[in-house]
Amino acid sequence: MSEFEPTIVAFFCNWCTYTAADLAGTSRLSYPHNIRIIRVMCTGMVDPQYIIKAFLEGADGVLVSGCRPGDCHYINGNYKARRRIKLLKEILPQFGFDQQRLRLTWIGASDGIHLAEIMRTFAGQIKALGPSQTKLKMVI
Ligand code: FES
């Protein structure tokens, strides 16, 4: 039997974290290949429905990352994202989702090294949790 490799969906803000991912790539830093990055203009546009849809369609983990508080290019988008994700983490367990599978971080454009660390750590945590039960239910 092959070793479990989680599928992780990452919503990265165009201005900070996506730029950091670009920097990590051009600096030849390695990060897990199984993280699918979706570029958004701001974490404030990550509708909770996108996160739920990612889980329902097979993601084992979802990572949302954007500009540090005070640095959002749309003034308060990251504060909105923080409130939404906090609420989502309270609601998700009631529907069988493990809240540890969802993470919000702030990673600045010049933090390529930090980004690679976060991605490796998160992928390791999701791998340790095992396959998402939601995905298993959909397969059965
Ligand atoms: S522009 Fe980056 S989080 Fe809003």
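**Entry 1. Ground rules**

I note that the model is predicted, that local features need pLDDT of at least 70 and side-chain atom pairs pLDDT 80 or more, while totals for chains, interfaces and linings use all residues. I number residues from 1 along each chain as its sequence is written, and side-chain values use heavy atoms, with hydrogens and water left out.

**Entry 2. Overall build**

I counted elements by DSSP runs, numbered from the N terminus: helices are H or I runs of at least four residues, strands are E runs of at least two. The protein has five helices and four strands. Read from the N terminus, the order is β-α-β-α-β-α-β-α-α. The radius of gyration is 15 Å, close to the 14 Å that the globule rule gives for 140 residues, so the protein is as compact as a globular protein of that length. That radius is taken over C-alpha atoms, and the globule rule is 2.2 Å times the number of residues to the power 0.38. Along the principal axes, the C-alpha atoms fill a box of roughly 45 × 35 × 20 Å. Of the 140 residues, 43% count as buried.

**Entry 3. Strand pairs and crossovers**

I took two strands as paired if DSSP finds at least two bridges between them. S1 and S2 run parallel and are joined by six bridges. Within this pair, Cys13 has Val40 in S2 as its bridge partner. From S1 the chain passes through helix H1 (residues 17-26) to S2, in a right-handed β-α-β crossover. Right-handed here means that, with the strands pointing away from the viewer, the path from the first strand over the helix to the second runs clockwise.

I then checked S3 (residues 61-66) and S4 (residues 102-106), which pair in the parallel sense over five bridges. Gly66 stands opposite Trp106 in S4.

Phe12 sits in strand S1. Its relative accessibility is 0%, so Phe12 counts as buried. I computed 30 Å between the C-alpha atoms of Phe12 and Ser2, which are ten residues apart along the chain.

Leu104 is in strand S4. With 23% relative accessibility, Leu104 counts as partly exposed. Leu104 and Phe11 are 93 residues apart along the chain, and their C-alpha atoms are separated by 9.5 Å.

**Entry 4. Salt bridges**

Side chains of opposite charge can pair when their charged atoms come close. My criterion was a side-chain nitrogen of Lys or Arg within 4 Å of a carboxyl oxygen of Asp or Glu. The count comes to five salt bridges.

Back to Lys127: it forms a salt bridge with Glu3, with the closest N and O atoms 3.0 Å apart. Lys127 lies in helix H4 (residues 112-129) and Glu3 in the segment before strand S1 (8-13), so the pair ties together parts that are 124 residues apart in sequence. Glu3 counts as exposed, at 60% relative accessibility.

Lys53 forms a salt bridge with Glu57, the closest N and O atoms being 2.8 Å apart. Lys53 is partly exposed at 46% relative accessibility, whereas Glu57 is exposed at 59%.

Glu90 and Lys86 meet in a salt bridge at 3.3 Å, N to O. These two are four residues apart in helix H3, so about one helical turn separates them. I found Glu90 partly exposed at 45% relative accessibility and Lys86 exposed at 54%. Salt bridges that share partners also join Glu3, Glu5 and Lys127 into one network.

**Entry 5. Nonpolar surface patch**

Which residues form a nonpolar patch on the surface? I found Trp15, Met41, Met45, Tyr50 and Tyr74, with about 480 Å² of accessible area together. Patch members have over 30% relative accessible area and no salt bridge; like charges are joined within 9 Å, and nonpolar side chains (Val, Leu, Ile, Met, Phe, Trp, Tyr) within 5 Å. Areas come from the Shrake-Rupley method with a 1.4 Å probe, and for residues only the protein chains shown count as cover.

Met41 has its place in the loop between strand S2 (35-40) and helix H2 (48-56). With a relative accessible area of 37%, Met41 is partly exposed.

Conventions. Buried < 20%, exposed > 50% of the residue type's maximum accessible area, 1.4 Å probe, protein only.
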